[in-house]
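Here is a short briefing on one protein model. Look at the sequence and the structure first, then read the points below.

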Amino acid sequence: MSTAITGSLHDSPNGIIASYLKRTRRSAEIYARACKLMPGGTSRQASFWEPYPLTIDRGKGARFHDIDGHSYLDLINNYTAMVHGHAYPAIVAATQQQIAKGTAWAAANEPQNRLAELIVDRIPAIEQVRFTNSGSEAGALAFTIARLITGRTKLLMARYGYHGSPLEFEVGSFGKEGPVTHLATYNDVSDFEAVLDQHGHDIAAVFLEPVLGASGIIEGNPDFLHGVRAAAHKAGALFVLDEVLTLRFNSGGCQTVIGIEPDLTMLGKIIGGGFPVGAVGGRADMLHVFDPSDLQVFHTGTFNANPVTMLAGEVSLRELTPDRIAQMDRQCKTLQSGLIAAASRHGLPFSTNRYGSCLNIYFSQSAPESSVLREDEMLMNNFHLACINHGLFIAHRGLIAMSTVTSDEDITEAIELADMAMRDVAAEIT
Ligand SMILES: Cc1ncc(COP(=O)(O)O)c(C=O)c1O
């Protein structure tokens, strides 16, 4: 098991970490066992934190329970994917029926057409879709399409952008160039133009998020996104918009709000209704590379477009109405103001980035260019554990995301719980 966070944390029996250890004994035991079986006891870096993550037993609506019996108000919703919270009744009903009828077979199913229809109807630039089992796979597949179409081998993305786990993207997420990865500064068209001027002949695709998600909810300027699209096309590269996270902000994605037409769009998270999913959507002439009548790439996957995921995704998208999106945005704004006021009451440095229903918090006077560059780890880690001690669950890197089943009363409660957590954090500053 990895050791506790070091630094300014007190070791007092009533300190934040001592309370965490005391109330999460079964989680600790389970984590110790997991460490023998999986590297570092986990298969997912984003759900690991020091000294060990909670083990969750069950969730319903806006809350879940850990294995030690504590209840939490969940304000991360599986990193934005569970847009209708946990065990959403309409998704449970639809998938239970399907599970009883069988979950996957090596032949077609009807629900995949219905989810594809919804996506094609809502997002004008998407003429056809190809399903995968994760957003990461969707990114890798979009890059495959771009390489096939252009005959080039490299990609350009924003420094600290996030497009999933494949190494060619991940290096860029941490600000490093790689053998196939060029980087430029987000919201700086001229930097993208300069890289394309110099390396455009090798670049198959430019990947961008309309709002940087993992990097801390940083909104892309529409002129920047349009400018990069134009520069990519001038260089003969494809323009890929990553809407894996941002589809929760608008039924047609951010591209509809901005009025931009990518060649390819990456999707994931909410289109699976809580099940593993990803998709690449885009121009039919580009997705044609998968057409069995003229096959250029043998793309397959044992669970691609399985009917359970497809049905859950259909319900998830249908039930994400504009009114509910507006409600989540309003609640997130209320939460943002409440957290800012609480931090000020406790004399803590604090800043936030918000876009719609997502918020990233920092215990520093201003938000850094990327959360990769944050210098407030100690305070953030303390706050994360203190929140857990009070029954509030947020991402340990400070990301917060509403769900449609988060109520206004939940937001009031979240502000009160965060206030108590900030009091604990302030009390431990030496
Ligand atoms: C913008 C973006 N792209 C891609 C991904 C990768 O998706 P997945 O975690 O399903 O592989 C994520 C996941 O957080 C994401 O936020």
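Where does asparagine 187 lie? Asparagine 187 is in the loop between strand 6 (181-184) and helix 7. Helices (H or I, at least four residues) and strands (E, at least two) are DSSP runs, numbered from the N terminus.

The model is predicted, and local features need pLDDT of at least 70, side-chain atom pairs count only at pLDDT 80 or more, while totals for chains, interfaces and linings use all residues. Residues are numbered from 1 along each chain as its sequence is written, and side-chain values use heavy atoms, with hydrogens and water left out.

**Backbone angles and a cis bond**

- Most residues other than glycine have a negative phi, and most peptide bonds are trans.
- Asparagine 187 has a phi near 65 degrees, a positive value in a residue other than glycine.
- Asparagine 187 is partly exposed because its relative accessible area is 35%; buried means under 20% relative accessible area, exposed over 50%, and partly exposed in between (1.4 Å probe, protein chains only).
- Alanine 87 also has a positive phi, near 50 degrees.
- The loop that holds alanine 87 runs between strand 3 (71-74) and helix 3 (89-101).
- Alanine 87 has 33% relative accessibility, so it counts as partly exposed.
- Glutamate 50 and proline 51 are joined by a cis peptide bond, with omega about 0 degrees.
- Proline 51 sits in the loop between helix 2 (25-37) and strand 1.

**The ligand and its surroundings**

- The residues around the ligand are Ser134, Gly135, Ser136, Tyr162, His163, Gly164, Glu209, Asp242, Val244, Leu245 and Lys269; a residue is near a molecule or strand if one of its heavy atoms lies within 4 Å of it.
- Sorted by class, this shell has three nonpolar, five polar and three charged residues.
- For these classes, Ala, Val, Leu, Ile, Met, Phe, Trp, Tyr, Cys and Pro count as nonpolar, Asp, Glu, Lys and Arg as charged, and the others, Gly among them, as polar.
- A polar contact is a pair of N or O atoms within 3.5 Å; within protein, one must be able to donate a hydrogen and the other to accept it, and residues adjacent in sequence count only if both atoms are side-chain atoms.
- At glycine 135, a polar backbone atom is 2.8 Å from an oxygen atom of the ligand.
- At tyrosine 162, a backbone N or O atom lies 3.5 Å from a nitrogen atom of the ligand.
- At aspartate 242, an N or O atom in the side chain is 2.7 Å from a nitrogen atom of the ligand.
- The ligand taken alone exposes 390 Å², and the protein buries 81% of that; accessible areas come from the Shrake-Rupley method with a 1.4 Å probe, and for residues only the protein chains shown count as cover.

- An open sheet is formed by four strands in the order 1-2-3-15, with mixed pairing; two strands pair if DSSP finds at least two bridges between them.
- Its edge strands, strand 1 (56-60) and strand 15 (392-393), each pair on one side only.
- Strand 1 and strand 2 (residues 63-66) run antiparallel and are joined by four bridges.
- Within this pair, glycine 59 is opposite phenylalanine 64 in strand 2.
- Strand 13 (residues 351-355) is largely enclosed by the rest of the structure because four of its five residues are buried.
- Five bridges pair strand 13 with strand 14 (residues 358-362) in the antiparallel sense.
- Tyrosine 355 stands opposite cysteine 358 in strand 14.
- The hairpin of strand 13 and strand 14 has two residues between the strands, and glycine 356 there takes a positive phi near 50 degrees.

**Two buried residues**

- Threonine 24 is in the loop between helix 1 (16-23) and helix 2.
- Threonine 24 has 0% relative accessibility, so it counts as buried.
- The side chain of threonine 24 reaches the backbone oxygen of tyrosine 20 at 2.5 Å.
- Not counting residues up to four places away in sequence, threonine 24 touches Tyr52, Leu54 and Asp68; contact means heavy atoms within 4.5 Å.
- Aspartate 410 belongs to helix 14 (residues 408-427).
- Aspartate 410 counts as buried because its relative accessibility is 9%.
- With residues up to four places away in sequence again left out, aspartate 410 touches Ala62, Arg63, Leu73 and Val405.
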